[in-house]
Amino acid sequence: MWTQRIKTGLVTTTAAASLLLLAACGPSPSPAGSSSAPPTSATPSASASSTPSQTATMTPSPSATATSAAPAAPALCKAGSLTATTDATGGGAAGSVYEKLILTNSGATNCVLEGFAGVSLTADANGDPIGEPATRETTTPVTRIELAPGKSAWAEIRYTQAGNYGDCTRVPAAGFRIYPPNDTASLFVAEPHDACSNAGIKLLTVTAFQAV
């Protein structure tokens, strides 16, 4: 009997010792609620850390905003700042007289003369034009002429004698009414001629102004 009990106890003790040995060799359980994920970095992202130079409003330098005012372009020459004379030394041919119409800048600033003058024969300085105004002679090209104070430009006037036209109704004219290019005011040059009061007879032609 004792021998059998001793054998039974040894078997039981040996089995228990084996279970304890297996438990000791197995992996230890992780603590409850713990996470195996790596910790999140606390370093701020690049987009959240803008530098002052990226967000600050840039102020333009004075050199970038300063503008130098361009000088004003000269105005057109007007009758109020011009004087008109004629030079009849150009001679004539076949019943015509050629002379220079000279406009001089009598103002204090530069002005621009460009194109054709309006020219008519008139009874006096304040009278209406008589007959047809001058026809433009376009063989001389139009040029832009800047006249400094005291400087002049000229155009050629051709006057055809009224006696060349048998149907001319003659009227004495005291001189020329001169309208500078692009102006509605006029100048008067005293120079007596016969004019034709009836329409259709053109006694005058004028060229574009040229620099002296």
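Select Cys-77 and Cys-111 to start: their link is right-handed, with 90° about the S-S bond. Cys-77 lies in the loop between strand S1 (75–76) and strand S2 (82–87), while Cys-111 belongs to strand S5 (residues 111–114), so this pair ties together parts that are 34 residues apart in sequence. Zoom in on the two sulfur atoms of this disulfide and you will find them 2.0 Å apart. Both Cys-77 and Cys-111 are buried. Keep in mind as you look around that this is a predicted model.

What is a disulfide? It is a covalent bond between the sulfur atoms of two cysteines. How many disulfides does the structure hold? There are 2, and the next stop is the other pair.

Now select Cys-168 and Cys-196, which are joined by a disulfide with an S to S distance of 1.9 Å. Is the link of Cys-168 and Cys-196 right-handed or left-handed? With -110° about the S-S bond, it is left-handed. Follow the chain on either side: Cys-168 lies in the loop between strand S10 (152–160) and strand S11 (170–179), and Cys-196 is in strand S12 (residues 187–196), so the pair ties together parts that are 28 residues apart in sequence. Cys-168 counts as buried because its relative accessibility is 12%, and Cys-196 counts as buried at 2%. If you number the bonded cysteines of the chain in sequence order, the pairing reads 1-2, 3-4.

Next, head for the largest nonpolar core, which has 33 residues. Select Leu-103, Val-119, Ile-178, Leu-204 and Phe-209, the residues with the most contacts inside this core. Stay on Phe-209 for a moment. Leaving aside neighbours within four places in sequence, its contacts include Leu-101, Leu-103, Leu-113, Phe-116, Ile-145, Trp-154 and Pro-181.

From there, go to Thr-207, in strand S13 (residues 204–207). Is Thr-207 buried or exposed? Thr-207 is buried, with a relative accessible area of 5%. Which backbone atom does the side chain of Thr-207 reach? Look for the backbone nitrogen of Glu-156, at 2.9 Å. Beyond its neighbours within four places in sequence, Thr-207 is in contact with Phe-116, Glu-137, Thr-140, Ala-155 and Glu-156.

For the last stop, colour the chain by pLDDT. The average is 79, and 68% of the residues score at least 70. Then select residues 1–53, where pLDDT stays under 50. For this stretch the model has 1 contact beyond four places in sequence.

Key:
Residues numbered from 1 in each chain as written. Predicted model: local features only at pLDDT ≥ 70, side-chain atom pairs only at ≥ 80, totals over all residues. Heavy atoms only, no water. Disulfide = S-S within 2.5 Å. Helix = DSSP H or I, 4+ residues; strand = E, 2+ residues; numbered from the N terminus. Buried < 20%, exposed > 50% of the residue type's maximum accessible area, 1.4 Å probe, protein only. pLDDT = per-residue confidence, 0-100. Contact = heavy atoms within 4.5 Å. Core = buried A, V, L, I, M, F, W, Y, C linked by side-chain atoms within 4.5 Å. Polar contact = N/O pair within 3.5 Å; in protein donor to acceptor, adjacent residues only side chain to side chain.
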